[in-house]
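Student: I would like to learn how to read a structure like this one. Could you take me through it step by step?

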Amino acid sequence: MSIQQLNEQFGIANTVTFAAGKGDLPCIQVTSELATATVYLHGAHVAAWQPAGEEPVLFMNSASWFEDGKPIRGGVPVCFPWFGPNLADETLPAHGFVRLAQWDVQSITQDASGNVIITLFTQSNEDTLDLWPFAFELRHIITVGKTLTMSLQTVNTDEKEMKITEALHTYFEVSDIHNIQVAGLEGRPYLDKVAGKDTFAPNSPLKFTGEFDSVFCDTQATCMIIDTDKNREISIAKEGSNSTVVWNPWINKSKALPDMADDEWVGMVCVETVNAGKNIVTIKAGDTHTMTSIISVTKIK
Ligand code: TA6
């Protein structure tokens, strides 16, 4: 569908419009009394969200690709049907394939409170079946308001059960990674992917002094990014998720990433709503599984 056809079918006057975004990729622009947001059909990717009265909450790196077949680096990459490298075949795209292709618009509505609910849809096809031999429907239901709620809903339309790992791989904008803390994971066991070992978090909020790439399994905890320089706390609550990943590439990894500006790691942290590691999700034939991330911002004083 063209931008004009999308606007005719799904636009909401003065609130929801479709436009050609970066790289000429079609995007949904939400402007309401509650918040503004930008959502690309490419990867069903929330690229920006800013609640009224707040600074932007999601980080978007200036060197990100905005091209068919490539991931966007920033906002909320949707990782499915695997998180990280494909352990059976490392030639397959990292974090799965649904973030690389354009999704369809199923519906866009606005509720009585002014929240805009966007449902984007994709499903298995010949190409995906070659990569991963399972039939599925996938919906990303994005509610834009004072809170950003993202639900990733998987329907197993195959005749056999499927096992997935998945993530809403959210990049958050912070004042300075050196000065923030992430609470909610105190004392928990995690896989330190930088050191390549299992270890335990301190009994205090996480602080950052170097590359940090950690997978916390068996946790349903709400995390909090405490950013005193921005006088705000960002809450990341979740449902249907048993893992949390925290990531900052720091200096060397940033330089090694072709789609990451060298010096922008200072202003970001990923706190990701995930099912990964030993938290593999098994979905029986015909069943549905939903993972939800609920993001909200409060001022510290
Ligand atoms: O979630 C953290 C992580 O798995 C890191 O290991 C790093 O690879 C990051 O995701 C970004 O992955 P990407 O494929 O988007 O470069």
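Tutor: Let's begin with a term: a polar contact is a pair of N or O atoms within 3.5 Å; within protein, one must be able to donate a hydrogen and the other to accept it, and residues adjacent in sequence count only if both atoms are side-chain atoms. In this predicted model, local features need pLDDT of at least 70 and side-chain atom pairs count only at pLDDT 80 or more, while totals for chains, interfaces and linings use all residues. Residues are numbered from 1 along each chain as its sequence is written, and side-chain values use heavy atoms, leaving out hydrogens and water.

Student: Which polar side-chain atom lies 2.8 Å from an oxygen atom of the ligand?

Tutor: That atom belongs to Arg-99. His-169 also places a polar side-chain atom 2.9 Å from a ligand oxygen, and for an N or O atom in the side chain of Lys-193 the distance to a ligand oxygen is 3.2 Å.

Student: How much of the ligand does the protein cover?

Tutor: Accessible areas come from the Shrake-Rupley method with a 1.4 Å probe; for residues, only the protein chains shown count as cover. On its own the ligand has 390 Å² of accessible area, and the protein covers 84% of that.

Student: Which residues surround the ligand?

Tutor: A residue is near a molecule if one of its heavy atoms lies within 4 Å of it. Those around the ligand include Arg-73, Phe-83, His-95, Asp-213, Trp-247 and Glu-272. By kind, the shell has four nonpolar, two polar and five charged residues. Here Ala, Val, Leu, Ile, Met, Phe, Trp, Tyr, Cys and Pro count as nonpolar, Asp, Glu, Lys and Arg as charged, and the others, Gly among them, as polar.

Student: Now the strands, please. What does pairing mean?

Tutor: Strands (E, at least two residues) and helices (H or I, at least four) are DSSP runs, numbered from the N terminus. Two strands pair if DSSP finds at least two bridges between them. Strands E2 (residues 26–31) and E3 (residues 35–40) run antiparallel, joined by five bridges, and a hairpin of three residues links them. Thr-31 has Thr-36 in E3 as its bridge partner. E3 also runs antiparallel to E4 (residues 45–51), with six bridges; Thr-38 is bridged to Ala-48 in E4.

Student: Which residue takes a positive phi in the hairpin of E3 and E4?

Tutor: Gly-43 does, with phi near 75°. Most residues other than glycine have a negative phi, and most peptide bonds are trans. Asn-14 is not a glycine, yet its phi is positive, about 65°; Asn-14 is in the loop between helix H1 (3–10) and strand E1 (16–20).

Student: Where is a cis peptide bond found?

Tutor: Look between Phe-80 and Pro-81, where omega is about 0°. Pro-81 belongs to the loop between strands E5 (78–79) and E6 (104–110).
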